[in-house]
Amino acid sequence: MLFELAEKAEKEVSKYCDDYEIYIDKLDLLQLDSQKSDLNFAKEENTLGLGIRVIKDGKVGFAFTSDMDKIDKTAKVAFENSKLNEKDENFAFAVEEKLPKIEGVFDKKFRNLELEEITSSMKDFLAIVEDEGCKATSGGFSAAEGETLIVNSNGVSAYDKSTGFGLGISVNAEANGEISTAYDSVSSCLFNLDSDKLALDVCKLAKNSLNGENIETADMDVIFDYHAAVGLLSTFLSGFSADSVQRGRSILADKVGQEIVSSNLSIYDDGTYAGGLNSGVCDGEGTASKRTTLVENGVLKNFLYDIYTANKANSLNNNIDNINNDCVDAIVSTGNGFRSSYSGTPSVSSSNIIFDFKQKSQIADIKSGFLATDVLGAHTANPFSGDFSVEVNNGFKISNGEITKPVKKAMISGNIYEILTNCESIGEIKQRGSFIIPKLLVHNLRVIGN
């Protein structure tokens, strides 16, 4: 069906210009939400949409529709919209290239899922929480199958299909009038979520967080668990966007070739990662997915580009070359031009971010420290400077290599760029959102107690 729609759209848009791109996506979604122990919301949703971009006389135009009977009008509107924009030679469409094969991102089990079956499983999941002596405050399950097709006037025809499954739960534990909370979630491209383990783990965390003690303000070793690490690293990641660099919003702009993190750490963006939540044959422009080295042994090597920012970088470099009579290799898209849906245009975004440490540490080596399971307020961190101050949720003291007493209340302050120059890896690697990371051990970080 998607190819038939693309053919129709090509026929219509070709009436107005020769340089065009058609993006189609189809999404089938199953979703269940709960409040406390009651399932209060369930839906099945099927969406289909199409977006058309054109370039005419150096000007780009865009229009979209969810009504497949209005493809002809959408093509015309895209063309008319181009007349309203300024000329910008940096806009271009992807060129035809070989697309990679991605493993582990599609599960045919999605087609056999029934809402009644999922509802029953969700009730069993919530029952485990109650059996563990906790109370669920909210939770949810989602399953989706997505298809995309990108066709353009340069011969690109890129089709991709993937599935995604997610389960999350927030609980309360209570003892002697004191209440503690905990949250956790799991997600995968495959229908292999271990709901029993999730329920048991989150209840254990909530109960272990009861009867917290105070902690004195001091600089100490801090372990950031997966959720806590992701919260902080999201701010750090924005510095690798070529768009941020070109807008003067990245502290990394002039640091290519310099050491910016620990020499023990290399960082990659990999849209081909097997089973990656953000893996696919191509990005939202039709550029083939690839593995991009951002940091190698602590040294900044590259930024993330879509087609527009790559062309803009080349334009800037050419101006500098003309002045200095130098020659710089052309920059190309790293396959990081993504869209949120058919109704939007591409922008620079990461795929799967991999933190690869050469050496691993063990919690047994920590004589005195602090474990932050999750943090609140990471979104308030300064994306340019990297400065942050966050509240810790479910924090614990570490003594002689063991996690001991829970901590009532604590905050952590520091600079994300600085702490990554002094960090190590602890525990197994897991995918959380767009990050594929271990737990992070940071030395001499300020922990602020009551």
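Tutor: What follows sets computed values beside the definitions that name them.

This is a predicted model, in which local features need pLDDT of at least 70 and side-chain atom pairs count only at pLDDT 80 or more, whereas totals for chains, interfaces and linings use all residues. Residues are numbered from 1 along each chain as its sequence is written, and side-chain values use heavy atoms, with hydrogens and water left out.

Student: What makes the rings of Phe3 and Tyr159 a tilted pair?

Tutor: Rings of Phe, Tyr and Trp (its six-membered ring) pair if their centres lie within 6.5 Å, and planes under 30 degrees apart count as stacked, over 60 as edge-to-face and the rest as tilted. A search of the whole structure finds 11 aromatic pairs. For Phe3 and Tyr159 the centres are 5.8 Å apart and the planes stand at 40°, so this pair is tilted.

Student: How do you know that this pair links distant parts of the chain?

Tutor: Phe3 belongs to helix H1 (residues 2-13) and Tyr159 to strand E5 (residues 157-175), which puts the two 156 residues apart. Helices (H or I, at least four residues) and strands (E, at least two) are DSSP runs, numbered from the N terminus.

Student: Why is Phe3 called partly exposed?

Tutor: Buried means under 20% relative accessible area, exposed means over 50%, and partly exposed lies in between (1.4 Å probe, protein chains only). Phe3 has 46% relative accessibility, so the partly exposed label applies, and Tyr159, at 31%, is partly exposed as well.

Student: What makes the pair of Phe64 and Tyr342 edge-to-face?

Tutor: The centres of Phe64 and Tyr342 are 6.0 Å apart with 65° between the planes, and the pair is accordingly edge-to-face. This pair also links distant parts of the chain, with Phe64 in strand E3 (residues 59-65) and Tyr342 in the loop between strand E11 (337-338) and strand E12 (347-348), 278 residues apart. Phe64 is partly exposed at 45%, while Tyr342 is buried at 16%.

Student: How do you know that Arg291 lies over the face of Tyr268?

Tutor: A charge sits over a ring if NZ of Lys or CZ of Arg is within 6 Å of the ring centre and within 35 degrees of the ring normal. Arg291 lies over the face of Tyr268 at 3.9 Å from the ring centre, and Arg432 lies over the face of Tyr226 at 5.6 Å.

Student: Why are H1 and helix H2 called oblique?

Tutor: Angles under 35 degrees count as roughly parallel, over 145 as roughly antiparallel, 65 to 115 as roughly perpendicular and the rest as oblique. H1 and H2 (residues 71-82) pack at about 45°, with their axes 9 Å apart, and the two helices are therefore oblique to each other.

Student: Is Asp57 buried or exposed?

Tutor: Asp57 has a relative accessible area of 61%, so this residue is exposed. Asp57 has a positive phi of about 55° although it is not a glycine, and its place is in the loop between strand E2 (38-56) and E3.

Notes: Axes fitted to C-alpha atoms, helices over the stretch in contact; angles between N-to-C directions.
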